[in-house]
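Trainee: Could we go through a structure together, with helix packing and then a sheet?

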Amino acid sequence: MRLSTIKSTIAVAGGNLYRCSHPSTITNSEMLFSIFKPSLPDPLESPPALFYLSGLTCTDSNFIEKASSAFQTAQDLGIAIVVCGTSSQNRFEGDSESWDFGHNAGFYVDATEEKWKSKGYSMYSYVVSELPSLINSDFNCGVHSRGIFGHSMGGHGALQVAFKNPEIFCSVSAFAPICNPVEAAWGKKAFEGYLGSVDAGKEYDATELVKKKGAKTFDDILIDVGTKDQFLGDGQLLPQNFKLAADMSQQKVTIRMQEGYDHSYHFINTFVSDHVKFHAKRLKAEQRSKILQATEEVDTSMTGKPIKCNAMVARGPKQPLTHETITVDPPKAGEVRVKVMANALCHTDIYTLDGLDPEGLFPCVLGHEAGCIVESVGEGVLSVKPGDRVIPGYTPQCAKPSCIFCMSPKTNLCPAIRSTQGAGKMPDGTTRLRDEKGEELYHFMGCSTMAEYAVLAEISCAKIDDSAPLDKVCLFGCGVATGLGAVWNTCKVQKGETVAVFGLGAVGLSVIQGAKMAGASRIIAVDINPKKFEAAVKAGATDCVDSLNGLPEGKNVQQHIAGGLTQWGVDYSFDCTGIVSVMRAALECSHRGWGVSCIIGVAASGHEISTRPFQLVTGRSWRGTAFGGFKTRTDVPKLVDKYLEGELPIEQYITHTFEGVDKTNEAIDALHSGDCLRAVVKYF
């Protein structure tokens with residue numbers, strides 16, 4: 001049964017902002033709160049919840065109206081933000097009209113003085129128990145992880161609530177908090193009034209609490225304070241006291257003194273995205289940890305034995321995949337058997353299934369963009385162990401000092417197992433996959449993740465953070481990483497340079513994302529489907545070109561870009577289509593004298609590129625990239641870390657999700673529909 005009443009709903013930053021009320025059994029009054037709930041690919045997923053505590057005289061409306069930049073970051077990172085008021089709204093005869101006491105400021109304590117206790121001045125218990133429970137039941141948020149932050153008095157509340165309840169709130173930060181209220185005028189007034197004495201307030205004082213804890217409670221605490229905060233110099237905030245106590249207790253605290261900022265919401269709005277990102281990394285790690293504790297994901301009882309499992313088998317080109325039971329043999333020396341938790345469908349899988357790949361072999365198990373858990377390892381494997389989370393890499397990295405490719409920063413094309421991988425076999429020239437008749441099945445790109453289990457070469461396993469959600473970070477196994485790397489590694493786009501991107505699928509959009517992050521001044525998105533332009537603009541495109549119906553009369557797309565939209569062309573262009581005529585257009589719209597065009601899309605077998613030699617003579621050059629130049633085992637874990645830290649959102653690419661390996665054909669249909677960027681199939 002819903003406990004709260006939704007008073008209003010508005011769309012914000014791709015999610016929804018709800019303003020609500022509910023009768024509180026703790027404060028004995030009607031309480032107001034707001035919650036921003038992000039839109040997630042899986043509507044049943046419970047996002048982590050970040051609770052914001054308001055300062056003196058403030059209500060939930062102050063934050064949602066004046067610090068709204070938080071919501072776009074929260075949407076990008078899949079975080080809910082909950083904002084509550086400062087006190088019980090029970091006004092009564094004898095209530096204080098003071099701006100820093102009574103109904104203006106409950107101070108996040110549980111009052112013990114009868115006058116206030118009887119009127120529900122118990123904001124501490126409300127924040128710790130009633131509100132989180134309501135957010136869980138009514139909005140399905142914060143089921144697995146919660147963080148807390150606040151401003152001024154709310155910053156004090158966030159710090160002391162977190163220190164007293166680290167099992168409830170796994171992360172904490174604050175803006176200009178009252179760090180040591182037993183030494184500050186505001187705190188002394190509140191503690192004497194609500195609790196009967198200043199000494200009783202030590203149980204609600206963050207500086208006293210960190211002394212009492214005597215050991216590290218959180219991995220870090222982020223605090224921002226403006227250098228022109230009017231309450232910094234008059235002894236109200238006292239961040240130096242908290243820092244000294246934290247240092248003595250070996251509790252890490254990061255205090256950032258922000259030059260020129262005061263105590264206002266302008267200050268909060270400027271830095272609130274940093275705080276959301278700070279919490280997102282910790283909330284997602286905690287959520288993943290809680291889920292793992294509740295789920296037995298790896299059964300090691302089959303170590304050394306063949307495993308029978310569900311798989312989708314490609315029997316021949318242009319044929320639907322068949323749902324079969326296959327046998328996956330144990331790993332041999334230098335090999336790793338993994339449990340595939342989720343697989344994202346990539347156009348390369350479809351390219352091969354359609355018979356366009358000259359190396360395509362049948363029957364085989366396709367799939368290469370996946371998130372996995374190590375089930376067992378073969379002899380000599382030292383870099384991963386059972387239970388580790390890994391992303392398979394179709395571009396291996398042997399990392400041997402004798403490998404000139406692995407040792408060179410110029411390439412990621414390690415040839416150590418190229419010949420056997422291209423032949424659909426493991427490094428020893430044999431297969432680990434058999435169908436129900438015992439007949440061999442070919443491996444695909446060294447991965448074959450359209451099955452519940454797979455065997456990989458150790459040098460193809462990128463070990464990632466244990467907290468990473470495998471149904472999200474699987475995207476770093478191919479397409480998204482390829483687009484980002486084409487910008488960052490292959491072309492090394494610099495701040496202020498210009499870019500054109502041809503083809504607005506997941507790879508093209510990730511090129512745009514990477515170019516925006518690199519600081520490109522202009523990003524021209526090109527496609528024949530204008531419906532894709534909205535996503536391109538969200539990713540960072542500054543211009544959109546319909547190359548089918550949106551060109552000036554008598555001009556092709558390269559002439560429109562070089563000579564129309566720009567004088568001489570763009571510094572870098574990227575083909576993400578695999579169509580050779582588009583590759584030519586991309587080259588010819590690049591800048592005279594120095595333009596570089598990067599080929600990402602894979603053309604069909606037998607197709608060749610062409611242009612007039614004059615295009616190259618006048619300074620343009622073609623480049624190609626495989627997996628964006630990323631070295632699988634060293635670079636993919638870094639991409640995952642960036643995602644976990646909130647610096648590299650990728651949820652926007654997942655437009656379709658399916659449950660069960662047998663739903664892969666449905667995922668293929670979705671990919672063919674034209675409105676699918678990435679379809680992720682969860683196996684377990």
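Here are our questions and answers on this model.

Mentor: Happy to! This is a predicted model, where local features need pLDDT of at least 70, side-chain atom pairs count only at pLDDT 80 or more, and totals for chains, interfaces and linings use all residues. Residues are numbered from 1 along each chain as its sequence is written, and side-chain values use heavy atoms, leaving out hydrogens and water.

Trainee: Are helix 14 and helix 15 parallel or oblique to each other?

Mentor: Helices (H or I, at least four residues) and strands (E, at least two) are DSSP runs numbered from the N terminus. The axes, lines fitted to C-alpha atoms over the stretch in contact, with angles from 0 to 180 degrees between N-to-C directions, come within 7 Å and cross at roughly 40 degrees for helix 14 (residues 479-490) and helix 15 (residues 506-518). Angles under 35 degrees count as roughly parallel, over 145 as roughly antiparallel, 65 to 115 as roughly perpendicular and the rest as oblique. The two helices are therefore oblique.

Trainee: Which residues of helix 14 meet helix 15?

Mentor: Contact means heavy atoms within 4.5 Å. On the helix 15 side, the partners include V507, S510 and M517. From helix 14 come G479, V480, G483, L484, V487 and W488.

Trainee: Which are the edge strands of the open sheet of 6 strands?

Mentor: Strands pair if DSSP finds at least two bridges between them. The order is 20-19-18-21-22-23, with parallel pairing. Pairing on one side only marks the edges: strand 20 (543-546) and strand 23 (621-624).

Trainee: What is the bridge partner of S597 in strand 23?

Mentor: Strand 22 (residues 596-599) runs parallel to strand 23, joined by 4 bridges. The partner of S597 is W622.
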